Amino acid sequence: MHPGTHFSFGDHKEHGFVASFTSAIPQHLAHWFLEREQFEPVPGEPGLYRLSEPERDGVRRTRQAVHDLRRRGYTVQADIRLNPADTASPPRPVRPHGLQERRSRLAQAAANRTTQRSTPPTAAPASARPIPPRPTYAPTGHLTAVAGGRSR
């Protein structure tokens, strides 16, 4: 294990997906993080944690735990199949009527002329209100500060 490593993840014959921590991180903090990532302490094995319900998408959940801890700045060592940086995710299925076709239809529609308006409007509609003229007078009263008021 490299010096400065905080967590280690791997496979165990008896316990499934396991995690442990090193002395580079305080025990209570490592315990807190591993429990938040759905790992539970293994009875009789101090410092060893196993993934709860490993049959429920265990590889993905362990990879996610590795990813989350690295994102928080911790150094994590993981087996190859549990390391999200080393394994490529499976290709996503391509939908036959996906985004490219929709964009193409939108681009074609934008390029065509519209038939909704045959001639551009020439005058304002009769329902539009006219703008009133600007007043020619200037206000005569001036507001002054009153002494003895409350201070802020």
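Phe7, Trp32, Phe33 and Tyr74 form one aromatic cluster, where rings of Phe, Tyr and Trp (its six-membered ring) pair if their centres lie within 6.5 Å, with planes under 30 degrees apart counted as stacked, over 60 as edge-to-face and the rest as tilted. The model is predicted, and local features need pLDDT of at least 70, side-chain atom pairs count only at pLDDT 80 or more, while totals for chains, interfaces and linings use all residues. Residues are numbered from 1 along each chain as its sequence is written, and side-chain values use heavy atoms, with hydrogens and water left out.

In soluble globular proteins, nonpolar side chains tend to be buried together.

The structure holds five aromatic pairs. In one of them, the rings of Phe9 and Phe39 have their centres 5.4 Å apart and their planes at 70°, so the pair is edge-to-face. This pair links distant parts of the chain, with Phe9 in strand S1 and Phe39 in strand S3 (residues 39-41), 30 residues apart. Phe9 is buried, with a relative accessible area of 2%, and Phe39 also counts as buried, at 2% relative accessibility; buried means under 20% relative accessible area, exposed over 50% and partly exposed in between (1.4 Å probe, protein chains only).

The rings of Phe33 and Tyr74 have their centres 5.2 Å apart and their planes at 65°, so that pair is edge-to-face. Because Phe33 lies in helix H1 and Tyr74 in the loop between H2 and S5, the pair ties together parts that are 41 residues apart in sequence. Phe33 counts as buried at 10% relative accessibility, as does Tyr74 at 18%.

Leaving aside neighbours within four places in sequence, Phe7 is in contact (heavy atoms within 4.5 Å) with residues including Phe33, Leu34, Leu69, Tyr74 and Gln77. Gln77 has its place in strand S5 and, at 32% relative accessibility, counts as partly exposed.

Notes:
Helices (H or I, at least four residues) and strands (E, at least two) are DSSP runs, numbered from the N terminus.
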